[in-house]
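Open the model in your viewer and keep the selection panel at hand. The tour goes from stop to stop, saying what to select and what is there.

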Amino acid sequence: MKKLTILLMIVGFGHITYGQTYNNFETDSVTAPEPFKPSKTQFMIRGYGHTGLNFMNTEGEKESSYVGSAFAPIFLFKHSDRLMFEAELEFGLENNELEVGLEYADVMYILNKNMTVRAGKFLLPFGTFMERLHPAWINRLPTRPLGFGHDGIAPASGIGVELRGAFDLGGPKLNYAVYSTNGPRLKDGSVEPEEAGMLMFQNFEDNNNSKAFGGRIGLLPFADSSTEIGFSSYSTSKVGTTDSEYENVGVFLYAIDFAFIKQIPAISGFIDIKGQYNNSDIDDATYTEVHEDGDEEEYTFDNKSNSFYAQLSYRPTMASSDFMKKLELVGRYSNLNTPEGAEWEERSDQYAFSLNYWLTWRSVIKVAYQTTDSVGGHDGGGTANGFFIHWAIGF
Amino acid sequence: MKTIHKILVVAVVIFTTGGMIVGCSSTKNAYTAATDVQDEFKIEKSGAQMWGEACNRCHLAPSPADYNDTDWSTIALHMRVRANLAENEIAKIETFLKSAN
């Protein structure tokens, strides 16, 4: 028994000793992890969302509703340092339904340091608002200026091909974009008589063989990039459906945009001024109005529209209080003038004000008031006042 | 309207063709560094300064710590095209963001 105990102790201690000897730095089979090596192909989901509460008073008719919970994921597939695919979906709740849209989906390739080609559905550089400023976490107000969005006169996106780039002129900078897309199609009134003569920019399959051409040139004249002036144009010789009486109706649109953003120590904060003027000129055509008694009447009008907005915001980023630093005051004026004699004739002026609180650089709470005076338009005109509390977040 | 459209189409074609020829004839794809003589007299902006200027043109400047290096390279390519930034501008901003995150 004594011999067996001694033997077991020798085996036991020997095992421990061997084990301790094995687990040293020289012979350890577990190697230190290598530094993180990113893959060549990269994928990211970014995007934004927003939600809020709206109070509206239209000519004494009051309504309030929680709105939104809009969700707009952006998918970025980086194949190399030159090649990328990007797409943005838009999920929104409107009229008690979930609406899904494809904001853009395009492939881009960097040809050289001054030139990038894009193809697919992309945001059009017609001014700057729709291309750069419309996402809820970037737009300083809960609403868009008049002339943009549904029934707007400015195009938002198109399907086609684009060449763009920028030049550093040794202080000043110049950027450009030229593109060709399917172009808009003309609403001839056969489906919605009250919109005869309007342009529909959602032209997924071209209704004729004429393509639209357009471009924007932007100049940042000062070395601090505080100021940008841009000129955009967009034209097509045909917006009507092939073989229809409206086939040869042509369109010419242009926009002028301006931006000034600078931190000014004298007022302890950032001043941000933005503005854009849009002009739309559509060839005159004859449309048909059907009266309630069945009689038809032909009419025409000078099909010219324009819209404008100017926005001023101030952030006291150099204030001593952390709370004050995160505040922003915003004011915006916009107007819209559509053709006299059209069923959709409208003269509208809108003022909007907002007090924003920035939780982070990409999350903002907006408390806004907006008043719109209209003559004509879809709702027949009048005064509409709105109070909004919105929360937007980018990710 | 047709005349305006034709002028615009011709302008776009000339601009695109000319730009392609000039752009593709360049053998240098990277930002060309200044010569020694230029360096002596030139005050170059830092990436941090460009980050403050370029990003704030549309939205508040992002915090470098919010993304890692891999993400910043993806975002930089996206923003270069979306905001139409110059090559040297986005290169410096990306370098700054990666160094400060």
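Select A:Glu86, A:Arg118, A:Glu131, A:Arg132, A:Glu162, A:Arg164, A:Arg216, A:Glu228 and A:Asp257: a network of salt bridges links them. A salt bridge here is a side-chain nitrogen of Lys or Arg within 4 Å of a carboxyl oxygen of Asp or Glu. Over all chains, the structure holds 25 salt bridges.

This is a predicted model, in which local features need pLDDT of at least 70 and side-chain atom pairs pLDDT 80 or more, while totals for chains, interfaces and linings use all residues; side-chain values use heavy atoms, without hydrogens and water. Residues are numbered from 1 along each chain as its sequence is written, with chains lettered from A and ligands numbered from 1 in the order in which they are written.

**Stop 1: A:Glu131**

Zoom in on A:Glu131 and A:Arg164. Their salt bridge brings the closest N and O atoms to 2.4 Å. A:Arg164 sits in strand β6 of chain A and A:Glu131 in helix α2 (residues 129-133) of chain A, so the pair ties together parts 33 residues apart in sequence. Helices (H or I, at least four residues) and strands (E, at least two) are DSSP runs, numbered from the N terminus. Are A:Glu131 and A:Arg132 buried or exposed? Both are buried, and A:Arg164 is buried too. Buried means under 20% relative accessible area, exposed over 50%, and partly exposed in between (1.4 Å probe, protein chains only).

**Stop 2: the strands of chain A**

Select residues 97-112 and 115-123 of chain A. These are β4(A) and β5(A), antiparallel and joined by 7 bridges. Strands count as paired if DSSP finds at least two bridges between them. A hairpin of 2 residues connects β4(A) to β5(A). Look across from A:Tyr109: A:Val117 in β5(A) stands opposite.

Next, show residues 157-168, strand β6 of chain A. It runs antiparallel to β5(A), with 8 bridges between them. Which residue of β6(A) is the bridge partner of A:Phe122? It is A:Gly158.

**Stop 3: the loop at A:Asn208**

Move to the loop between β9 (199-200) and β10 (212-220) of chain A, where A:Asn208 lies. A:Asn208 is buried, at 4% relative accessible area. Its side chain reaches the backbone nitrogen of A:Ser210 at 3.0 Å. It also makes a polar contact with the side chain of A:Asn207, at 3.3 Å. A polar contact is a pair of N or O atoms within 3.5 Å; within protein, one must be able to donate a hydrogen and the other to accept it, and residues adjacent in sequence count only if both atoms are side-chain atoms.

A:Asp206 is partly exposed at 21% relative accessibility, and A:Lys211 is partly exposed at 32%.

**Stop 4: helix α4 of chain B**

Finish on residues 69-82 of chain B. Of the 14 residues of α4(B), 11 are buried, so the helix is largely enclosed by the rest of the structure. Among them are B:Trp72, B:Ile75 and B:Leu77. At the start of α4(B), a side-chain oxygen of B:Asn68 comes within 3.1 Å of the backbone nitrogen of B:Thr70. After α4(B) comes B:Asn84, with a positive phi near 55 degrees.
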